[in-house]
Protein chains: 2
Amino acid sequence: MKIGIKIMPREVILDSQGRAVEQSMKMNGFSEVQDCRIGKYVEMNLSLEDKEAAKLQVEKMLKEGGLYNPLIEKFEIQLM
Amino acid sequence: MKIGIKIMPREVILDSQGRAVEQSMKMNGFSEVQDCRIGKYVEMNLSLEDKEAAKLQVEKMLKEGGLYNPLIEKFEIQLM
């Protein structure tokens, strides 16, 4: 089954990339942009059929496999 | 309102970063990973209350503001 992992910088962390995009959008006339943060998105195909099992396995992967840095990032698993 | 934009490499494009993560996960014992692709995720706060208006504005931003490269990437807007 296919699973998506959204990895975003934590709120307390200054996201310079997001800040740059925000400024650039404002300069290009998109004045309605108030805040912008940029993270990663990982899409994985797993040979598991059970949603809960897949979710648990992805959580394990995130924590043990070094896919994200818990000090500065947070993650959200999206089933697709 | 808050809006999310998922930007992923197109299927026809070789995603070397995703390939590397896939190999690394397999080497770390996560043999159930079949395929992995890595993209970007942009979260924006817009000073617009209407969902449809926000969506249209984000699409305009993506196309005119250079937030993504249509030749090698595809996007998906997620309302939050």
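**A ring and its surroundings**

Tutor: A:Phe75 has a relative accessible area of 24% and is partly exposed; buried stands for under 20%, exposed for over 50% and partly exposed for what lies in between, with a 1.4 Å probe and protein chains only. The model is predicted, so local features need pLDDT of at least 70 and side-chain atom pairs count only at pLDDT 80 or more, while totals for chains, interfaces and linings use all residues. Residues are numbered from 1 along each chain as its sequence is written, chains are lettered from A and ligands numbered from 1 in the order in which they are written, and side-chain values rest on heavy atoms, with hydrogens and water left out.

The ring of A:Phe75 belongs to a pair. Rings of Phe, Tyr and Trp (its six-membered ring) pair when their centres lie within 6.5 Å; planes under 30 degrees apart are stacked, over 60 edge-to-face, and the rest tilted. Over all chains, this rule gives three aromatic pairs. In one of them, the centres of A:Tyr68 and A:Phe75 are 5.0 Å apart and the planes stand at 80 degrees, so the pair is edge-to-face. A:Tyr68 is buried, at 12% relative accessibility. B:Tyr68 and B:Phe75 also make an edge-to-face pair, with 5.0 Å between centres and 80 degrees between planes. Here B:Tyr68 is buried at 13%, and B:Phe75 is partly exposed at 24%.

Chain A has a radius of gyration of 16 Å, whereas a compact globule of 80 residues would have one near 12 Å; the radius is taken over C-alpha atoms, and the globule rule is 2.2 Å times the number of residues to the power 0.38. The C-alpha atoms of chain A fill a box of roughly 45 × 25 × 15 Å along the principal axes. Of the 80 residues in chain A, 44% are buried.

As for the two copies, chain B can be laid on chain A by a turn of 180 degrees and a shift of 0.0 Å along the axis, with an RMSD of 0.0 Å; the superposition is by least squares on C-alpha atoms of residues with pLDDT of at least 70 in both. The copies are thus related as by a two-fold rotation axis. In chain B, B:Lys40 has the C-alpha nearest the axis, 2.2 Å from it. The same surface serves both copies, since 100% of the contact residues of chain B recur in chain A, contact meaning heavy atoms within 4.5 Å.

Between the chains, strand β2 (residues 33-46) of chain A runs antiparallel to β2(B), joined by 13 bridges; strands pair if DSSP finds at least two bridges between them. A:Val42 stands opposite B:Ile38 there. Within chain B, strand β1 (residues 2-9) pairs with β2(B) in the antiparallel sense over six bridges, and B:Gly4 faces B:Glu43. Strand β2 of chain B has ten of its 14 residues buried, so it is largely enclosed by the rest of the structure.

Helix α1 (residues 16-27) of chain B holds B:Glu22, which is buried at 8% relative accessibility. Not counting residues up to four places away in sequence, B:Glu22 touches B:Val33, B:Gln34, B:Asp35 and B:Cys36.

Methods: Helices (H or I, at least four residues) and strands (E, at least two) are DSSP runs, numbered from the N terminus.
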